[in-house]
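Subject: Structure handover and what was found in it

Dear colleague,

I am handing over the structure below, together with some notes on what was found in it. Please keep the sequence and the 3D view open while you read.

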Amino acid sequence: MTRKTTGVRTRNLYNPGADKPFKLSRSKLERFMECPRCFYLDRRLGVDRPDLPSFSLNLAVDELLKREFDYYRERGEPHPLMRAAGIDAIPFRHESLGVWRENFKGVEYHHAPTNLVISGAVDDLWVDPSGALIIVDYKATSVKDPIRADYNSRQSYRRQLEIYQWLFRQNGFEVSDTAYWVYANGQKGREAFNARLDFELTFVPHQGQTDWVEDCIRAACDCLRADTIPDAAGECEFCLYRAAARVRESN
């Protein structure tokens, strides 16, 4: 990423007059749904939100879960916890799985009506006996109460799974409507740390609805093509901060 001393990015900006397809990640589509103004400032004008700290523990959990499921993937067997949960599937083997998992690559689809390339990096894929893919996302958390199969996940998490479902369908795969989060819940009720953190794994199903994705992509494209900066989402904390700073700076 290239930034000027002003903090403005000068590369990977949307140009309405360009013929080359423009890549837009799943996370940037989520940004558009959170706040069109932040999305426009980032992808059109090169002014992104401040970087947030990386969650190293979450990344470690993701990496270890991938290794654990890959162990059973190589053997063509379900994870024992999948059996225990009554999930009739096995981890999916495919030569492109490594690319589909990689940040800044992932699974891609060129949406011809908007000339946008939509992409997303998936955590895992399972396959059921009919050959349908099951989209899987790992989530690390630490909450007091046990996570159950009817756990109410965030709306952004639901959209994340549904965009992945849409992407794989656009790439010609049969995809199950049922997706799963694998929640790793860090246990805080132990008497002592003893240099060890234990997790409970829970599979939480989600019945995906992808009919909104196409409209979202078109709306995001319309936003990028506009010549004016859109209004902020009413509760966007970043836009509220900018507005408050401008008021103070003008006094």
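Strand S6 (residues 133-141) and strand S7 (residues 178-186) run parallel and are joined by 6 bridges, where helices (H or I, at least four residues) and strands (E, at least two) are DSSP runs numbered from the N terminus. Within this pairing, Asp-137 has Trp-181 of S7 as its bridge partner, and Ala-140 stands opposite Ala-184 in S7.

Before going further, please note that this is a predicted model, in which local features need pLDDT of at least 70 and side-chain atom pairs count only at pLDDT 80 or more, while totals for chains, interfaces and linings use all residues. Residues are numbered from 1 along each chain as its sequence is written, and side-chain values use heavy atoms, with hydrogens and water left out.

S6 and S7 belong to an open sheet of 5 strands in the order S2-S5-S6-S7-S8, with mixed pairing; two strands pair if DSSP finds at least two bridges between them. Its edge strands, each of which pairs on one side only, are S2 (90-91) and S8 (199-207). Helix H3 (residues 56-75) packs on this sheet, touching S2, S5 (124-127), S6, S7 and S8, and its direction makes about 140° with that of S6. Helix H6 (residues 155-170) also packs on the sheet, touching S5, S6, S7 and S8, with its direction at about 150° to that of S6. Here contact means heavy atoms within 4.5 Å, and the axes are lines fitted to C-alpha atoms, for helices over the stretch in contact, with angles from 0 to 180 degrees between N-to-C directions.

How many residues of S7 are buried? The count is 9 of its 9 residues, where buried means under 20% relative accessible area, exposed over 50%, and partly exposed in between (1.4 Å probe, protein chains only). Thr-178, Tyr-180, Val-182, Ala-184 and Gly-186 point one way from S7, whereas Ala-179, Trp-181, Tyr-183 and Asn-185 point the other way.

A second open sheet has 3 strands in the order S1-S4-S3, again with mixed pairing. S3 and strand S4 (residues 116-120) pair in the antiparallel sense over 5 bridges, and in this pairing His-110 stands opposite Val-117 in S4. H6 packs on this sheet as well, touching S3 and S4, and its direction makes about 70° with that of S3.

Helix H2 (residues 36-43) is largely enclosed by the rest of the structure, because 6 of its 8 residues are buried. What covers these buried residues includes S1, helix H1 (26-34), helix H7 (213-225) and helix H8 (237-250).

Side chains of opposite charge can pair when their charged atoms come close. A search of the whole structure finds 22 salt bridges, each being a side-chain nitrogen of Lys or Arg within 4 Å of a carboxyl oxygen of Asp or Glu. One of them joins the side chains of Asp-42 and Arg-9 (3.0 Å, N to O). Asp-42 lies in helix H2 and Arg-9 in the segment before S1, so this pair ties together parts that are 33 residues apart in sequence. Both Asp-42 and Arg-9 are buried, and they belong to a network of salt bridges that also links Lys-28, Arg-31, Arg-43 and Asp-48.

With best wishes
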